[in-house]
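Hi,

Here is the structure I said I would pass on to you.

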Number of protein chains: 4
Amino acid sequence: MYDTGNLSYNWAKSHMQILTHSIDVLKESKPLKGITLGFCLQITKETSVLLIGAKELGAKVVACSGNPLTTQDSIAAFLASKGIEIFAWSNQTKSEYDWCQSKVLSCKPDIIIDDGGDLNTKAHFDRRFQSLKIIGATEETTTGLTRYYSMQKKGKLRYPIIAVNNAKTKMIFDNKYGTGQSTIAGYLRAMNLLFASKRIVVCGYGWLGKGVAQKCAGMGSKVIVTEVDPIKALEAHMDGFNVMPISQAAKIGDVFITCTGMRDVVQKQHLLSMKNGAIVGNVGHFDVEIDSKFLLNQVVRQVRPNLDECVLSNGKKIYLISKGRVANLIASEGHPPEIMALSFSNQLYSVLYILKNHKKMQNLVYDVPKQIDNQVATDTLNSMNVKIDNLSKNRLHIKPDGKSVKA
Amino acid sequence: MYDTGNLSYNWAKSHMQILTHSIDVLKESKPLKGITLGFCLQITKETSVLLIGAKELGAKVVACSGNPLTTQDSIAAFLASKGIEIFAWSNQTKSEYDWCQSKVLSCKPDIIIDDGGDLNTKAHFDRRFQSLKIIGATEETTTGLTRYYSMQKKGKLRYPIIAVNNAKTKMIFDNKYGTGQSTIAGYLRAMNLLFASKRIVVCGYGWLGKGVAQKCAGMGSKVIVTEVDPIKALEAHMDGFNVMPISQAAKIGDVFITCTGMRDVVQKQHLLSMKNGAIVGNVGHFDVEIDSKFLLNQVVRQVRPNLDECVLSNGKKIYLISKGRVANLIASEGHPPEIMALSFSNQLYSVLYILKNHKKMQNLVYDVPKQIDNQVATDTLNSMNVKIDNLSKNRLHIKPDGKSVKA
Amino acid sequence: MYDTGNLSYNWAKSHMQILTHSIDVLKESKPLKGITLGFCLQITKETSVLLIGAKELGAKVVACSGNPLTTQDSIAAFLASKGIEIFAWSNQTKSEYDWCQSKVLSCKPDIIIDDGGDLNTKAHFDRRFQSLKIIGATEETTTGLTRYYSMQKKGKLRYPIIAVNNAKTKMIFDNKYGTGQSTIAGYLRAMNLLFASKRIVVCGYGWLGKGVAQKCAGMGSKVIVTEVDPIKALEAHMDGFNVMPISQAAKIGDVFITCTGMRDVVQKQHLLSMKNGAIVGNVGHFDVEIDSKFLLNQVVRQVRPNLDECVLSNGKKIYLISKGRVANLIASEGHPPEIMALSFSNQLYSVLYILKNHKKMQNLVYDVPKQIDNQVATDTLNSMNVKIDNLSKNRLHIKPDGKSVKA
Amino acid sequence: MYDTGNLSYNWAKSHMQILTHSIDVLKESKPLKGITLGFCLQITKETSVLLIGAKELGAKVVACSGNPLTTQDSIAAFLASKGIEIFAWSNQTKSEYDWCQSKVLSCKPDIIIDDGGDLNTKAHFDRRFQSLKIIGATEETTTGLTRYYSMQKKGKLRYPIIAVNNAKTKMIFDNKYGTGQSTIAGYLRAMNLLFASKRIVVCGYGWLGKGVAQKCAGMGSKVIVTEVDPIKALEAHMDGFNVMPISQAAKIGDVFITCTGMRDVVQKQHLLSMKNGAIVGNVGHFDVEIDSKFLLNQVVRQVRPNLDECVLSNGKKIYLISKGRVANLIASEGHPPEIMALSFSNQLYSVLYILKNHKKMQNLVYDVPKQIDNQVATDTLNSMNVKIDNLSKNRLHIKPDGKSVKA
């Protein structure tokens, strides 16, 4: 297992050039010396590259998982062997999960790197940790940010948080291209059924939904989109997808993929109205989009890895992927390393930014500074040998009088 | 011609349901009674629906064109027959164009509806009109907004301007889907050559470029994208397009489409390095993206409607569509009416908003109010018989503590 | 008009390199000297390149049109000015059309080049021409071939006919890529409505239907396919399109495109069940796919060029493109020249093949010889600067015993 | 393992409705009673449905694998538990593989169902089995057929063989849609890298290549196609892909997928010219398309399941999927059951056809009778609830005189 972890780490590392390049450049000066970083991320081969990199830059690194189910044990073992304090294993109970998070906070991190907001929330509301001196944090997901914005509104944020999730080089690429691909990977592996010709219902048409819908169409599926936002619904309609309410889609869909970031999207009555053999799964952060509690209370047996057959009272068999939890992570390996390199470069640059600027920052949620965002994009293009144009004196905007101004 | 105009008006009207529906609902109360509206838009069949609608709502309507070349004369004639004061005809000289704009301002409009910013600019900087009492304006294009933001920065705006262009229901749909289709239409008509297999260079990957690139790929072309923004360049790269500098693309492209909103994108040296037979055109607002001045100074003859053959000093023949001016409008009929219904509903609602709120507004550029944007999307979905879900008590966001909050 | 014809001829010629290259190579030896060729093709700019080329190779060229409506008069005028005996003009009556065909046969052609089979049929069944000594013929369309196969079955063919239509380099490219694009062009011009989001019903999923469905999807439409062949229906289903009977599709489609080569595809009862505003058109060879006779017997007025509004007894308005005749040719310019170069190179090579081999040939329908088909593909790739691999000693097939054999 | 096999069998069975439906209908009459069937297929969950079905129809069933590596052991164990004589396990040596095939022939099959041609070849050329009385055989692959056609040419076929591979409902769907999806599945699992933005070189543009190229493009990759056939190359070019020789593609590709059915496609010199980190794999039947012998003679270590890192003498690391053997089968689970239902229904119907007609058949390779092909398509559409139109008296072809004939 140790060796599997090692090989996986190396495979990921060799496909996360922009991150490893930054670390190589900074390594000498140990910019994170004396700093404790508390990570709460999905424990995957890609995350191991970030964690070991942070250690190479001088930090003390402690980590738990942002999800009780998804930890890859071989990676956790490998990280431990490299001197990372790691509190994570696969298939944790709720209390084990909670214990791991507490352990990370007990190590008194200066900066928190979170995925979903559980660790930052605990740092705010768990009495044991309310006196911790945290100088800042970052957040990887929309879900986490929703929680902080609500805390900010109530004036309850105790330190600045950089919304790594909102960096364009994270948001667009991780959410759209990353989830797009890893959803295909997860569903392929969970069900091994034909995508071509199937009616796939994609719930939500944000970045996730857009990516998932596009890739499903690319596999030959007939995509149906459900939405609550009229503008996004109109986009889906113009992109050539069928748009309808979930109550109607439930009756005709073959496969369902929730990616809304909301709760109660696929409800009991929708599940009861589905066709025999329908397959449902979720790729949103929390397992609250599908009423999996209802499904898992039926007559259930596992028919394939990460696939449960649930026989409803009406006799129909509905199949649930990875118990309604993030199917792209659990049923497959999550996003490919090239995508995680973008997210984690934003993470690394944001941590360094907090270190340098935290005294000037207020207890607010901040966007990733534009220059970091651009830098990550430029690094990536360079690493892929893609050249682009520069705005120069000859490339100007247009002035009101019809003449040019500098861009 | 009168009759052609009439038929075209009716054809457009019957495909702009959301606009005509709003007008029908409001007609009784004549909300624009006593108001003079000064329009500076492309004079097309779709625009005629807005202009006549405004008149039906009680306004006095005066109009010129936002482009000296693109006026459809049959529409202008039809509008005149309907009591619109219209100062526009096709293929105007610069001074004719200027004269028309002056005529509109001479009618003392209360509100200006502009496309490109020429009329608003004249209202600000032409001495004859600086004492006009204008209560507000709207703007249809990115180009126009660039000009106003620059004026706003210098504190020179004399009245509030609503950035209709920035409404999502305008921006995304007009710029991406509208220009995407009308560019295909314009190039098809201008060149009648095979799209499949051709290397098409799309300069710029904003909404316009995204729409154009996608539709060209949909026609079977191999798309090359040029960009100056690293994030947009990375998006194009991940969308499967080849990204390279214009200097490199110039040598291998078969067809070029500029959609940047910048100037000097395709320069003399790029034109000289192109393959014999290359076809260049522009769908950005101004004719400054391609060095058409250089091209039109060569040995030139028209080989098809809206297509000029330019024989360069190196002996190569380069073909220029509609003299470098908006090819999608000039070589074809512009955006289809369903798209213009979105833009013009935003225009109408924004004009009504200004009328009601101008006293509370400052001399700034305003975004279209979110509720207008959503209303336009909802109206459109309804008109297309598309139903969507509602956020209800059962559809909630997720609270920090893992429980739900209302969306 | 003469000049328009000349310019169009030159534009087409410069984009039909493989045809003009062959003609240039053969010109010296005048291989068609002393031969009269009777053409019955669509009179377009591309056809003019073939006709003038044939003359340059020494032939006497006489021509009429394969369709009473589609002749481009400026091309006909230009051809006449170049010494082609041309009997064609636009919008012919049935008797004018017949007269033109008779004139061509009166010139005693040695070889007939036909499109649709009208000229070959007349040469067989019109008593005046039954003694003509024709050494062979070629045919451009599926429709024509259906007629000859039926004649062959009854032993009635009087001379060999080469099925140019069946050459892969004609069939796949003309029917799929050519019609795919020209259908978009024709419908765009006839209706100027948004493709994105519309439900487009494509009747037939042969090469034509495949090309049309793919391009419509590329424009953002939701494509519905109707078929009578279960295998083709299954292909459409797996390609992600919705497959259903026409009776069901009629009720929900926004736009209809028939491309079956059959008759009575869209019948009176289907037209009556359509939504108000539905648009119907045909791109198959004959105008028998839609019951246009029924439509044109309603209250009809032309609302745009090539678009008739037909008000049915149930009050609904149905719009018919170019009276149910080939919309891609009539409402636009037909296939782009690059595609016609493929078809017409097959025509030219087949005419030369007949001249050399007619004594060995029987009165049957022949496929285009494989070497001609490959030559046309190779010529095209060369003209587009595309290099491919060669089968060499190192590239071998696999023998039964697991070792290699020459390919 | 037994249980995994059982569950997999049931999962496959419930998604192969058309096959299980036929078996249910025929079961009573035991049409295969007294017959021994010798199967040589990939031992997967889908194959188990066919094998157990054949037994239910009365046959004695003996089976080995068509590939020494790909047997799924849990399926083999399950089949044994169900009374199938099965000679197959994963990762066989060449001599084990040979032994298994001999065991099947020793059971004196009346009919052989083969995949790749190894069993039929042995039945012809291994002296021990040359006196077997075999009444006919079927073949699943292009590769097998190539071998039989060569045998037929030399007059060496000893019994009729039905080319199940050539049925449209097998050829198009298995080769294009099946391999298209399973290749994505196999590569996703082997490499877990981003498809979007990568240059993927697809060698061959037959049904396999077309399917693979389309799905890769659907995943956002930039596809390069190599071909030796000019017509297929031209199709790829018109489909928007870049076409070039392998020597050129080798230098710029990120990922390579061979699907030619030829040998020596990716040779030593191509491998040496590849970029560091390039990934190569094969989805053609035999492992002779890539020079994997050369690669596996380098410094090799396994870095992921089914992925070997090969360090070349020039220092570059090239990664080989599943040792150059069918990546879609070995690195993933092969085609989804819906596709195999099509192939195996053709197999079952063809076996029944041989049984009934073998006395009238000659020792030739036969195509699957058209009525079987249509039946399989119709069964499939019915099972998916897709309705299509019928050719009726009202749907007629067009006669030479312009009137109608029955289709």
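How many residues does the contact take from chain A, and how many from chain D? It takes 27 from chain A and 27 from chain D. Before I go on, please keep in mind that this is a predicted model.

**Chains A and D**

On the chain A side of that contact, five elements each supply at least two residues: α1 (2–13), α8 (168–191), α9 (207–218), β12 (299–304) and α15 (337–357). The largest share comes from α8(A), with four residues. If you sort the side of chain A that touches chain D by class, you get 15 nonpolar, eight polar and four charged residues.

So how do you get from one copy to the other? The same surface serves both copies, as 100% of the contact residues of chain A recur in chain D.

**Chains A and B**

Now go to the contact between chain B and chain A, which takes 55 residues from each of them. On the chain B side, the elements that each supply at least two residues are α7 (142–153), α8 (168–191), α10 (230–238), α16 (370–383), β16 (396–398) and β17 (404–406). Here α10(B) gives the most, with seven residues. By class, the side of chain B that touches chain A has 28 nonpolar, 16 polar and eleven charged residues.

This pair has a rotation too: 180° with 0.1 Å of shift along the axis puts chain B on chain A, with an RMSD of 0.0 Å. Again the same surface serves both copies, and 100% of the contact residues of chain B recur in chain A.

**A helix to look at in chain C**

Next, find helix α10 (residues 230–238) of chain C. Nine of its nine residues are buried, so the helix is largely enclosed by the rest of the structure. Among the buried residues are C:Lys232, C:Glu235 and C:His237, along with C:Ile231 and C:Leu234. What do the buried residues of α10(C) pack against? Part of the answer is in chain C itself, namely β8 (222–226) and β9 (242–243), and the rest is in chain D, namely α8 (168–191) and α16 (370–383). Just after the helix, C:Gly240 takes a positive phi of about 95°.

**The core**

Which residues touch the most other members of the largest nonpolar core? That core has 536 residues, and the answer is A:Val202, B:Val202, C:Val202 and D:Val202. Take the one in chain C as an example. Leaving aside neighbours within four places in sequence, C:Val202 is in contact with several residues, including C:Gly209, C:Val212, C:Cys216, C:Ile257 and C:Cys259.

**Two domains in chain A**

Chain A is divided into domain 1 (2–170 + 335–383) and domain 2 (177–330). Their C-alpha centres lie 29 Å apart. The contact between them takes eleven residues from domain 1 and eleven from domain 2. On the domain 1 side, these are three nonpolar, eight polar and no charged residues.

In chain D, strands β12 (residues 299–304) and β13 (residues 307–311) pair in the antiparallel sense over five bridges. D:Arg301 has D:Glu309 in β13(D) as its bridge partner. The two strands form a hairpin with two residues between them, and D:Asn306 in the turn has a positive phi of about 65°.

In chain B, look at B:Leu364, in the loop between α15 (337–357) and β15 (365–367). Is B:Leu364 buried or exposed? It counts as exposed, because it has 12 C-beta neighbours inside 10 Å. Leaving aside neighbours within four places in sequence, B:Leu364 is in contact with B:Gln152, B:Leu157 and B:Pro160. B:Pro160 is 204 residues away along the chain, yet the C-alpha atoms of B:Leu364 and B:Pro160 are separated by 4.9 Å.

Happy looking!

How values were computed. Residues numbered from 1 in each chain as written. Chains lettered and ligands numbered in written order. Predicted model: local features only at pLDDT ≥ 70, side-chain atom pairs only at ≥ 80, totals over all residues. Contact = placed C-beta atoms within 7 Å. Nonpolar A, V, L, I, M, F, W, Y, C, P; charged D, E, K, R; others polar. Core = buried A, V, L, I, M, F, W, Y, C linked by C-beta atoms within 7 Å. Buried ≥ 20, exposed ≤ 12 C-beta atoms within 10 Å, placed from the backbone. Pairing = 2+ DSSP bridges. Least-squares fit on C-alpha atoms with pLDDT ≥ 70 in both. Domains from an automatic or database assignment.
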